[in-house]
Amino acid sequence: MTADTLLIHNAAVCTFGDANQVIEEGAALIENGQIAAVGRAADLLRTYPTAPREDAGGKLLMPGNICAHTHFYGAFARGLYIPGPAPKDFPEILRRLWWTLDRALDDDGVLSSAQVCLVDAIRNGTTTLFDHHASPAHIEGSLDIIAGAVDAAGLRAVLCYEVTDRNGPEGAAAGIAENVRFIKAQRARSQDHGLLSGLFGLHASLSLSDETLAQCVAEAEALGDGGFHIHAAEGPADQEDSLARYGLRTIDRLRARGILTPRSIVAHVTAIDGWEMAALRKSRTWVTHQPRSNMNNAVGVADVPAMLRGAMPVLLGNDGFSNDMFMEMKTAYLLHKVWRNDPRALPGNQVIDMAYRHNARLAAQHFPLPLGEISVGAAADLILLDYCPTTPLTADNLPWHILFGVSGSHVTHTMVAGRWLMKNRELLTLDEAAITAHSRQAAQATWERFWEMSG
């Protein structure tokens, strides 16, 4: 036994992964941040009699959730009043909300908005997040500010800065430099730091010229990476812009410019045709689905059932909505049924596959240990839930228990790399009260700049 050993017992262990078991009266042994043994509690207690113990009290033990696309910087949009009539479409939402809010952020706002989201993630059992950041007035070092917040929280994150031409050539160059600097810094730290990684962030086709895309591809190739994180075909505006300016549909343009790779993430793709879907499939590009955001922005519905039928790696993100990924799973499950007018569309097992198996495969490109499962050798990123099933719970029906019974409010304990971040709903790494009090001040200051910019 080592000082970092812990035996969690008296739990209903939901392993996910290839084994996919529900072990009643189960246990998991943790050593040095990873799972060392999984099985029946009686067997592990007998085999490891001197191991420090944590009695789970009969709770569910599950792998922590993964969010494949989010925006920490959007936290201050909650409750924000936008002057004038309500935005009539997505381009207006971008111009009047997001492209004004991100310009209103200062360094303190970048930090505070990230902290708010990290508290929310720990509380809801989301242990790994792929963040897509923008703060045009404070680009250089902004990813370090977020990384510092992630470090303090103890979570895992893959960070990027969104490159865009909407703030002129100097802004685009600064965004490129911030991505390159951060990715290099994380590689230098990879020997002793396994909780942070970087991707090359891009906003969207409609805000990126061919020249800027070429610069980004050249820098990514020089890094030996080739992975990008970009919004693509999020509604018809992106398609219309690409066709009008370049004579290509969005995904066709991104393919031609070298953006689609097996390490790239494209978010949304609600407005693509069959040929574009085929291009995404052939390039093995990751696609993230954010149903709550797509509904809120009225940008359409990604044809996830068709993508899954083609064995495409479709992921689940939240686009800056709450980090209760169980809610995102439920929304995905219901949205496609009403959209297709077919109760058979996107069955529960496929939703859970996206949220766990697919998201974990993406995370495997960035972290050395398997995530999204409880198996020997996997990272000890775990959550305990006080969900008490009123019907039998098995590996076969677990997806429907998650979709119809479980929520983030059931999470009582959150662990990353064998370290408790929350126990009995008490945060251990972050001062939630202080963060919340400060975020109200930082949000007010950000809002005042927002309103001034809004005229």
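In the predicted model, Arg-344 is exposed, with a relative accessible area of 68%. Its side chain meets that of Asp-342 in a salt bridge, 2.9 Å from N to O. Salt bridges that share partners also join Asp-18, Asp-353 and Arg-357 into one network. Side chains of opposite charge can pair when their charged atoms come close. In the whole count there are 23 salt bridges.

Among them is the pair of Arg-40 and Glu-25, whose closest N and O atoms are 3.8 Å apart. Arg-40 belongs to strand β3 (residues 34-40) and Glu-25 to strand β2, so that the pair links parts of the chain 15 residues apart. Arg-40 is partly exposed, at a relative accessible area of 44%, whereas Glu-25, at 55%, counts as exposed. A further salt bridge is formed by Glu-432 and Arg-123, with 2.7 Å between the closest N and O atoms. This pair connects helix α15 (residues 432-453), which holds Glu-432, with helix α3 (residues 107-124), which holds Arg-123; the two residues are 309 apart. Glu-432 is partly exposed at 26% relative accessible area, and Arg-123 is partly exposed at 27%.

Aromatic rings were examined next. Five aromatic pairs are found in the whole structure. One of them is the stacked pair of Phe-16 and Tyr-356, with 4.2 Å from centre to centre and 20° between the planes. Phe-16 lies in the loop between β1 (6-14) and β2 (22-31), while Tyr-356 lies in helix α13 (residues 348-363), so the pair ties together parts that are 340 residues apart in sequence. Both Phe-16 and Tyr-356 are buried. Rings also take part in arrangements with charged side chains: Lys-337 lies over the face of Tyr-333, 3.6 Å from the ring centre, and the charged end of Arg-156 sits over the ring of Phe-367, at 5.3 Å from its centre.

In helix α9 (residues 274-283), the residues Glu-276, Met-277, Ala-279, Leu-280 and Ser-283 are buried. Seen down the helix axis, the buried residues of α9 fall within an arc of 155°, so they line one face. The face turned away from this buried side carries the exposed residues Gly-274, Trp-275 and Lys-282. The cover over the buried residues of α9 includes α7 (236-246), α8 (250-256), β12 (265-268), β13 (286-289) and α11 (304-309). At the N-terminal end, Asp-273 caps α9 through a side-chain oxygen 3.1 Å from the backbone nitrogen of Trp-275. Just after α9, Arg-284 takes a positive phi of about 60°.

How values were computed:
Residues numbered from 1 in each chain as written. Predicted model: local features only at pLDDT ≥ 70, side-chain atom pairs only at ≥ 80, totals over all residues. Heavy atoms only, no water. Phe/Tyr/Trp six-rings, centres within 6.5 Å; stacked < 30°, edge-to-face > 60°. Helix = DSSP H or I, 4+ residues; strand = E, 2+ residues; numbered from the N terminus. Buried < 20%, exposed > 50% of the residue type's maximum accessible area, 1.4 Å probe, protein only. Lys NZ or Arg CZ within 6 Å of the ring centre and 35° of its normal. Arc of directions from axis to C-beta. Contact = heavy atoms within 4.5 Å. Polar contact = N/O pair within 3.5 Å; in protein donor to acceptor, adjacent residues only side chain to side chain. Salt bridge = Lys/Arg side-chain N within 4 Å of Asp/Glu carboxyl O.
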